[in-house]
Amino acid sequence: MKKIVLTGGGTAGHVTPNIALLPALTEAGFEIHYIGSYDGIEKRLMEDYKVSYYGIATGKFRRYFALKNFTDPLRVIKGYGEARKILKQLRPDVVFSKGGFVSVPVVRAAHSLGIPCIIHESDMTPGLANKLCIPVAQKVCCNFPETLKMLPADKAVLTGSPIRAELRQGNRIAALDLCGFTANKPVVMVIGGSLGAASINKTVREALPSLLEDFQIIHICGKEKVDNLLLNVPGYKQFEYVKAELKDLFALADVVISRAGANAICELLALKKPNVLIPLSARSSRGDQILNARSFESQGFSLVIDEDDLIDTLLVEKVHEIYFSRQIYMDAMGKSDQLGSIQTIMKLIEKAAAGSVS
């Protein structure tokens, strides 16, 4: 039986694409293993799947001064030794890495043992962890056409991000029942990330009187971010977090307002959902969401509002604009080269496992 080791962690975005690959890997006959941190989010997310999990020591690569910058390199070295021992025991045919700091010792250890590695970069510009892995990777998958120019030409492949198949299997009627909505009024879904987004939550609620004139609103607002004073507003349904129901809510949504994390927007692309993106500002991040959003805007997939410009009247204007032009955006998304990512990535994995580098 062919064997594959998956790795990646630190955030959910470095794990869920690996999860999306599991059915295709199983169907292709791979024995699947996962290497992550001892107790990171990747361990918790993988507990629902029948995949053997191995924990290693990990350390972050920080671009700023912190005392842990002096001790974490030792943890990375320890993790490299642990990963090498696990890989020698498992003897996989290929390693697939979704990135994050946990992946560096795994990919580097695999290379030292002659095991081919395929890595995936979600954002437009490669993160530090992937920059350390690119030199030893056989292929580098990416989500954006612009990223191809930043990668070695013989390694770069535009694949898009693997999307969980169940997201395409939503039930619109089930979502209508869950939200208590009517079937004859369009629906806008707001997603601010797993922890919510304070600025988006605030602006959406300020815009409610105008938005509710023409739309029903699903608001996934984050843990402990529900506004109890708005619980009984007709046409407005709040959720702290959704899991199994997300596919149904997507099926119901006509338009989505979202942050611009790479995996989130790739889900919108795969589902062909017209969207308004409000990327995290450069003050709060390395600016990757801004680049992601501008790429989707230039490809005709999205409208973008800079967080610094976000006010209720502008949000209402953009929601109406995207809704009444939604078919144009859906047509553009339907022509994207970033669709079919699982099939494209599986071909790369199969070739690597078979010893082909072409």
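This is a predicted model: local features need pLDDT of at least 70, side-chain atom pairs count only at pLDDT 80 or more; totals for chains, interfaces and linings use all residues.
1. S336 is buried, with a relative accessible area of 11%. Its place is in the loop between α12 (326-334) and α13 (341-353). The side chain of S336 makes a polar contact with the side chain of Q338, at 2.7 Å. Setting aside neighbours within four places in sequence, S336 is in contact with L269 and F301.

2. P186 sits in the loop between α6 (172-179) and β8 (187-191). P186 is buried too, with a relative accessible area of 17%. The cut-off for buried is under 20%. Not counting residues up to four places away in sequence, P186 touches D214, F215, Q216, D254 and Y323. P186 and V255 are 69 residues apart in sequence. In space, C-alpha to C-alpha, P186 and V255 are 8.4 Å apart.

3. Next, the strands. Begin with β4 (residues 94-97). V94 and F96 point one way from β4. V95 and S97 point the other way. All of these are buried. Strand β1 (residues 2-7) runs parallel to β4, and 4 bridges join them. T7 has S97 as its bridge partner in β4.

4. On to β5 (residues 117-121). β4 and β5 run parallel and are joined by 3 bridges. In β5, V95 has C117 as its bridge partner, and F96 has I118. How much of β5 is buried? The count is 5 of the 5 residues, so β5 is largely enclosed by the rest of the structure. Both faces contribute: C117, I119 and E121 point one way, I118 and H120 the other way, and all are buried. Note that E121 and H120 are on that list of buried residues.

5. Now the helix between these strands. β4, helix α4 (residues 103-112) and β5 make a right-handed β-α-β unit. In α4, 7 of the 10 residues are buried, so this helix is largely enclosed by the rest of the structure. The buried residues of α4 are S103, V104, P105, V106, V107, A109 and A110. Just after α4, G114 takes a positive phi of about 75°.

6. The pattern continues into strand β6 (residues 139-142). β5 and β6 pair in the parallel sense over 4 bridges. In β6, the bridge partner of I118 is K139. From β5 the chain crosses through helix α5 (residues 128-133) to β6. This β-α-β crossover is right-handed.

7. Which residues touch the most other members of the largest nonpolar core? They are M189, I217, I218, L249 and F250, in a core of 60 residues. Take I218 as an example. Leaving aside neighbours within four places in sequence, I218 is in contact with C179, F181, V187, V188, M189, V190, K237, F239, L249 and L252. As background, nonpolar side chains in soluble globular proteins tend to be buried together.

8. Last, the cysteines. How many disulfides does the structure hold? The number is 0. C133 is in no disulfide, and the nearest cysteine sulfur, that of C117, is 7.9 Å away. C133 counts as buried, at 0% relative accessibility. What about C142? Its closest cysteine sulfur is in C141, at 7.7 Å, which is too far for a bond. The limit for a disulfide is sulfur atoms within 2.5 Å. C142 is buried as well, with a relative accessible area of 0%.

Note on methods
Residues are numbered from 1 along each chain as its sequence is written. Side-chain values use heavy atoms; hydrogens and water are left out. A nonpolar core is a set of buried Ala, Val, Leu, Ile, Met, Phe, Trp, Tyr and Cys residues joined through side-chain atoms within 4.5 Å. Buried means under 20% relative accessible area, exposed over 50%, partly exposed in between (1.4 Å probe, protein chains only). Contact means heavy atoms within 4.5 Å. Helices (H or I, at least four residues) and strands (E, at least two) are DSSP runs, numbered from the N terminus. Two strands pair if DSSP finds at least two bridges between them. A crossover is right-handed if, with the strands pointing away from the viewer, the path from the first strand over the helix to the second runs clockwise. A polar contact is a pair of N or O atoms within 3.5 Å; within protein, one must be able to donate a hydrogen and the other to accept it, and residues adjacent in sequence count only if both atoms are side-chain atoms.
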